[in-house]
Amino acid sequence: MKKMREYDVIIIGAGPAGLGAAIELAKAGARPLLIDENSKPGGQLFKQIHKFFGSKEHYAGTRGYIIGENLLKEAAELGVEILLNTRVWGIYPDNSITIVTAAYSERLKARFIIIATGASENALSFPGCTMPGVITAGAAQTFVNIYHVLPGKKVVVVGSGNVGLIVAYQLMQAGAKVEAIIEAMPKISGYAVHAAKVKRAGVPVILSHTIVKAVGDSELEGVIIGKLDDQMQHIQGSEKLIEADTICIAVGLTPRIELAALGNCKLQYSPILGGMLPWHNSNLETSQESIFVAGDVAGIEEASTALDEGRLAGVTVALKLGLIDVKVFKIQDEIIKNRLNSLRQGTFGEKRRKAKHEIWEAKN
């Protein structure tokens with residue numbers, strides 16, 4: 001019988017959080033295994049062509065895909081083992097997991113597991129929502145920024161959060177005409193700097209409106225929108241038609257908690273952080289002492305936050321493995337947490353900072 005392969009740490013998800021954790025662990029001398037279901041590591045970073053905000057440590061002024069390339073180069077130089085096109089189908093009480101590829105399945109074991117599975121895009125249900133031409137923001141970024149294919153020429157974006165605003169601008173850069181951004185709330189949800197860019201480009205942002213239905217025969221031809229009242233109910237008679245061949249839905253993300261649930265991690269609800277997520281302390285340790293989480297699975301925030309959470313989980317696990325001493329850990333812990341606090345400032349960040357503290361304080 002083939003012996004089960006064992007690792008110091010198995011990291012599930014090779015986006016910014018998983019890469020950050022793997023890099024810190026490898027620097028400390030650990031032997032981490034990084035697993036991802038996609039054909040290329042880096043997660044959403046390679047869909048981000050805009051320049052990031054923040055400090056030098058957060059790669060301010062650097063485009064997302066370049067950040068991804070830098071992280072992959074660093075991981076490769078440190079000898080991080082990466083399994084791609086590989087799904088994790090189970091986590092068991094003995095800290096083993098089942099991986100599945102197109103060719104085989106295998107059981108692996110680790111002293112610690114870091115779950116960095118990210119988030120999935122939220123759907124929006126309306127008549128015609130399954131029609132060709134109705135896509136998510138992530139799909140739009142994949143078309144445009146990865147494959148350089150324009151998904152449509154006349155686009156209506158639903159959702160004025162940062163993702164909706166950024167994707168709208170990227171679609172315009174690729175040659176599409178964004179007919180409108182539709183927002184159910186009475187104010188724009190995303191950062192003013194992103195909103196200003198699309199407004200300067202002449203894109204109308206229509207507040208307190210929702211999609212009533214998509215219209216078309218075999219494919220999308222237009223969108224009927226309607227005004228919402230103070231109770232978020234559609235006001236009959238307020239409908240109007242916008243001609244469009246594409247609807248791009250950007251209405252938020254939900255943490256991908258399935259593996260954490262399989263690992264018997266305690267779950268907790270936080271509307272600010274995206275819904276149900278694994279309870280974790282300030283160092284990303286879950287109710288299962290050998291399982292950590294990092295990135296969007298631990299609460300929906302920015303890519304820079306995910307990267308630093310991964311680093312924090314990595315140095316914490318390195319301490320538990322005995323690879324760094326307490327003095328070194330305390331220095332790194334303080335540096336990373338200070339950076340995270342700096343990211344959790346302002347109107348949006350402060351809400352997430354408070355929500356994180358509520359999670360940390362709610363173990364019992």
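## The aromatic pair

In this predicted model, the structure holds one aromatic pair, formed by F112 and F292 in an edge-to-face arrangement, with 6.4 Å from centre to centre and 65° between the planes. A pair of aromatic rings is described by the distance of the centres and the angle of the planes. The angle of 65° is over the 60 degrees required for the edge-to-face class, and the 6.4 Å between the centres falls within the 6.5 Å limit for pairing.

F112 belongs to strand β6 (residues 105–115) and F292 to strand β19 (residues 291–293), so the pair ties together parts that are 180 residues apart in sequence. Both partners lie under the 20% limit for burial: F112 counts as buried because its relative accessibility is 11%, and F292 counts as buried because its relative accessibility is 0%.

## The surroundings of A306

A306 is located in helix α7, which spans residues 303–320, and it counts as buried because its relative accessibility is 8%. When residues up to four places away in sequence are not counted, A306 touches P16, A17 and G295. For P16, the C-alpha atom is separated from that of A306 by 6.0 Å, although the two residues are 290 residues apart along the chain.

Note on methods:
Residues are numbered from 1 along each chain as its sequence is written. This is a predicted model: local features need pLDDT of at least 70, side-chain atom pairs count only at pLDDT 80 or more; totals for chains, interfaces and linings use all residues. Side-chain values use heavy atoms; hydrogens and water are left out. Rings of Phe, Tyr and Trp (its six-membered ring) pair if their centres lie within 6.5 Å; planes under 30 degrees apart count as stacked, over 60 as edge-to-face and the rest as tilted. Helices (H or I, at least four residues) and strands (E, at least two) are DSSP runs, numbered from the N terminus. Buried means under 20% relative accessible area, exposed over 50%, partly exposed in between (1.4 Å probe, protein chains only). Contact means heavy atoms within 4.5 Å.
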